Amino acid sequence: MNPRIYWQNLHVLHGFINMSEYNKIAVLITCHNRKAKTLECLKRLIPQLGNADKVFLVDDGSTDNSGQLCDELANTHNCIRTIHKENGGLSSARNAGMKEATGDYIIFPDPDDWVQEDYLQKLIDLHREHQSDVEICGYYIVDENRQVD
């Protein structure tokens, strides 16, 4: 059985909005036993963050040292904050993160998401264009060699 990885697919919009003009984004990632995947996801997200943005890593009672990784990342990056809680499932972890999150927008990438380099910009563009309450992304399914299935 080949592992599957979900690659988010966002539609390209015309025009460019300067990232310094948008409001704060709270990136909320639940990290239950996803140590390696969490790090990969953050490598693509952190360069996209503005000065006011924050990443909230919710350690939902992990047993694989995900919580320790989250703490190390928070000590290394000022934009990251770790929340530790007992395991309660995805909804419980997201609710715990939302209680702490600050920002005008909240996004919920999963630890195994490999977001595109302009992921946050495109979400802001979509919001500004449509003034919608929720922005939803599509995805590609790729194998371990990053080939589209």
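Reply: Let us begin with a term: a residue counts as buried when its relative accessible area is under 20%, as exposed when that area is over 50%, and as partly exposed in between. Please keep in mind that this is a predicted model.

Me: What share of the residues of the protein chain count as buried?

Reply: The protein chain has 149 residues, and the cut-off for buried is a relative accessible area under 20%. By that rule, the share of residues that count as buried is 40%.

Me: Which element gives the most residues to the lining of the largest pocket?

Reply: The largest pocket holds about 550 Å³ of space, and 23 residues line it, with Ile107, Phe108, Tyr119, Leu123 and Glu135 lying nearest its centre. The elements that give two or more residues to this lining are strand E1 (5-9), E5 and helix H4 (119-130). With four residues, the element that gives the most is H4.

Me: How many residues in the lining of the largest pocket are nonpolar?

Reply: The lining can be sorted by class, and it has six charged and four polar residues. The number of nonpolar residues in the lining is 13.

Me: How many residues apart in sequence are the parts that Glu117 and Arg44 tie together?

Reply: The side chains of Glu117 and Arg44 meet in a salt bridge, at 2.8 Å from N to O. Glu117 is exposed, because its relative accessible area is 60%, while Arg44, at 21%, counts as partly exposed. Since Glu117 lies in the loop between E5 and H4 and Arg44 in helix H1 (residues 35-45), the pair ties together parts whose separation in residues is 73.

Me: Which helix does Asp110 reach through its salt bridge with Arg94?

Reply: The side chains of Asp110 and Arg94 meet in a salt bridge, 3.3 Å from N to O. Asp110 is in the loop between E5 and H4, and the two residues are 16 apart, so that the pair links distant parts of the chain. Both are partly exposed, Asp110 with a relative accessible area of 29% and Arg94 with 23%. The helix that holds Arg94 is H3 (residues 90-100).

Me: Is Lys122 buried or exposed?

Reply: Lys122 forms a salt bridge with Asp118, the closest N and O atoms being 3.3 Å apart, and Asp118 counts as partly exposed at 32% relative accessibility. The relative accessible area of Lys122 is 9%, and the cut-off for buried is under 20%, so Lys122 is buried.

Me: What is the area of the nonpolar surface patch that includes Ile106?

Reply: Ile106 sits in strand E5 (residues 105-107) and is partly exposed, with a relative accessible area of 36%. Together with Met98 and Phe108, Ile106 makes a nonpolar surface patch of about 230 Å².

Me: What is phi of Asn65 near?

Reply: Asn65 lies in the loop between strand E3 (54-60) and helix H2 (66-76), and it counts as partly exposed at 44% relative accessibility. Its phi has a positive value in a residue other than glycine, and that value is near 70°.

Notes
Residues numbered from 1 in each chain as written. Predicted model: local features only at pLDDT ≥ 70, side-chain atom pairs only at ≥ 80, totals over all residues. Heavy atoms only, no water. Patch = residues over 30% accessible without salt bridge, like charges linked within 9 Å, V, L, I, M, F, W, Y side chains within 5 Å. Areas by Shrake-Rupley, 256 points an atom, 1.4 Å probe, with all protein chains shown as cover. Salt bridge = Lys/Arg side-chain N within 4 Å of Asp/Glu carboxyl O. Buried < 20%, exposed > 50% of the residue type's maximum accessible area, 1.4 Å probe, protein only. 1 Å grid on protein atoms, 1.4 Å probe; cavity = no way out; pocket = protein on both sides within 12 Å on 5 of 7 lines; lining within 4 Å. Points joined across faces, edges and corners; volume = space filled by probe spheres on them. Nonpolar A, V, L, I, M, F, W, Y, C, P; charged D, E, K, R; others polar.
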